[in-house]
Every structure is written in C-alpha cells, then in structure tokens.
Amino acid sequence: MNKSVAPLVSRADISDFQRDGAVCLRGAFKDWVGLIADGIARNQLEPGPFATNVVAAGEPGGFFDDYCNWERIPEFCSIVRESPAAAIAAAVMQSPCAQFFHDHVLVKEPGTQKPTPWHQDIPYYFLDGEQTVSLWIPVDPVQEATLRLIAGSHRWSQWVLPLRWKDDTSFYDDGSRYRPVPNPDVDPDMRVLEWEMEPGDAVLFDFRTVHGARGNLSRDRRRVLSLRWLGEDVRYAERPGRTSPPYPGHGMQPGQRLRQDWFPQIWPKA
C-alpha cells in the first residue's frame, strides 16, 4: 500500500470493503470540505447537460442531481487530481492503478420526502469489473439522510433492476434479466450499513453494492460529492440501451480498457 495512504486506509478498512462492499473512512477529506462545497455551489449555478431535479413538480423539497462536470469545474478538477481520492480508491480496490470515471453531485434540500431508490450503479454503466469504488463525501452533517447500503450485495449473482429515479420506471426496456428491487427494511436476511457522518467523512462502496437513501426531512441541506473510480480489471461492456452517463461517440469495443484520454489514470501519477 502507498505509505501516504496508510493513515487514511487501514488493513481493516480494506478487509471490510472487500467483505461488505462498503466502508466508512472518518475525516479522509476534512481538509477538502471547503473546496468541495465551492465546487457544488458552482455546479448548481452552472449546471451541466445532465442536471435534473429528481423531485417531481408539486412534491416538497428539491433533489439536485448532476454529473460529469469535473473537467469544467476547477474545484472538482483539483479534488480529482490533487486530493488523496485516487490513492484511497486504489488501496480499497486492491488495484495497482486508479482511473477516474466520473463525478456526481447530489443535493437534497430540507423537507425533501423523495428517497433515493435502492439500486446498484453497475447496471447503468457500460463497464464490467470487480475493482470499482465510489467515494460518497458529504459537506454537511448527515444523520437520517445518510447513505444506506446492503452488506454483501456486491457478491449477488443477479443485478438489481435499474430504475429512473424520478418516476421509478425501469431504466431499460427489457428488465427481465434483473432481480426485483429489494426492501431490506422488511427482509431479515439483509444487513443494512449506514453511518451518521460529519463533513469530510467518506463512504466507499463497490459499484455493485446495493444502496439508497431516505429523504431529507431535516432543516438543513444535504450536499454530497461522489467520485467514481475504476481499477485495473475494468473493461468496456455493452448494455441493453443507453447508459448513464452515456458518453456518446466513445468508440470503445467490448473487452477494451476504458480510453484514458476520456477517463484518465490519476494514480499512480506519471
């Protein structure tokens, strides 16, 4: 393991991540909270082409959702390239390298009843592989609106049906290859992981780990930056429809590593 990462990622953290598909690192980005908050504010003022409000018209609150903006938002670019995120990702993935996939901003306003539905990230993506990790980093204290994850779901043999968040309809026309969306709150065989978090803490989870979140019924905003990383074994794969993010014109073929001019290797640094 890179010595510079040792204070942030322990052997126990890596073991927990590999076993459960998720782990919480305390204070890993405490020195980056201000920059992340500035980037989120810029993103909301200057939304990208994928930006949306997940909350339907007439419903309470608001849920700002946007991604793939890191190259045009300097604060996010600095976090991707200069923070310990890439080294942390490589460590927990047990990969000799970390390639950046995309950023994702999620802001739930006070009084938002809309939950984030239970889902896996992997069915939405045009990739396959076991070495993947998302870093979910809040810049506000989170309690009830924290991320919730089903322990061990990254090892399920069948993926969960991907949904459109706004109306909970199937993301692909053919949903027959997927298992139904689970409800771990009524299934005693499923163990839910969730942590109350402070600004700069980070939950790390495998793209295959089933996760969701409650609405935000507090009086404070819940602002989160998520950074998605790929390890050495990840390859391009086709899906039964338009993926999210779509990345039109990428030109990749099944089985290829993702092109590094679009998805740069950040760790180790050249």
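So, let's start where two helices touch: I14, F17 and Q18 in α1 meet A91, V92 and M93 in α4. Sort those contact residues by class and you get five nonpolar, one polar and no charged residues. Keep in mind that we're looking at a predicted model here. Now, how do you describe a pair like this? Two packed helices are described by the angle between their axes and the distance between the axes. For α1, residues 11-20, and α4, residues 85-93, the angle is about 65° and the axes are 8 Å apart.

G21 sits in the loop between α1 and β1, which is 22-25. Is G21 buried or exposed? Buried: its relative accessible area is 0%. Who's around it? Leaving out residues up to four places away in sequence, G21 touches D16, H154, L204, F205, D206 and T209. Also, have a look at V133: along the chain G21 and V133 are 112 residues apart, yet their C-alpha atoms are separated by 9.0 Å.

Next helix, α2. This one covers residues 33-45, so to speak a run of 13 residues. From first C-alpha to last, α2 reaches 18 Å, close to the 18 Å expected at 1.5 Å a residue. Which residues of α2 are buried? They are V33, I36, A37, G39, I40 and N43. Look down the axis of α2 and those buried residues fall within an arc of 160°, so they line one face of the helix.

Let's move to a sheet. Picture an open sheet of four strands, in the order β5-β11-β8-β9, with antiparallel pairing. Which strands stand at the edges? That's β5, 116-119, and β9, 192-194; each has a single partner strand, so one side of each is left without a neighbour in the sheet. On average, neighbouring strands in this sheet are turned by 25° against each other, ignoring direction. Zoom in on the pair β8, residues 147-150, and β11, residues 211-213: they run antiparallel and three bridges join them. In that pair, L147 stands opposite A213 in β11.

P245 is in the loop between β13 (235-236) and β14 (265-267). Another cis peptide bond joins W267 and P268, and here omega is about -5°. You'll find P268 in the segment after β14.

Then have a look at phi. C68 has a positive phi of about 65°, although it is not a glycine. C68 is in the loop between β3 and α3, and at 23% relative accessibility it counts as partly exposed. Y247 also isn't a glycine, and its phi is positive, near 45°. Where is Y247? In the loop between β13 and β14. Y247 counts as buried, at 17% relative accessibility, because the cut-off for buried is under 20%.

How values were computed. Residues are numbered from 1 along each chain as its sequence is written. This is a predicted model: local features need pLDDT of at least 70, side-chain atom pairs count only at pLDDT 80 or more; totals for chains, interfaces and linings use all residues. Side-chain values use heavy atoms; hydrogens and water are left out. The expected span of a helix is 1.5 Å times one less than its number of residues. Buried means under 20% relative accessible area, exposed over 50%, partly exposed in between (1.4 Å probe, protein chains only). The arc is that of the directions from the helix axis to the C-beta atoms. Axes are lines fitted to C-alpha atoms, for helices over the stretch in contact, and angles run from 0 to 180 degrees between N-to-C directions. Contact means heavy atoms within 4.5 Å. Ala, Val, Leu, Ile, Met, Phe, Trp, Tyr, Cys and Pro count as nonpolar, Asp, Glu, Lys and Arg as charged, and the others, Gly among them, as polar. Two strands pair if DSSP finds at least two bridges between them.
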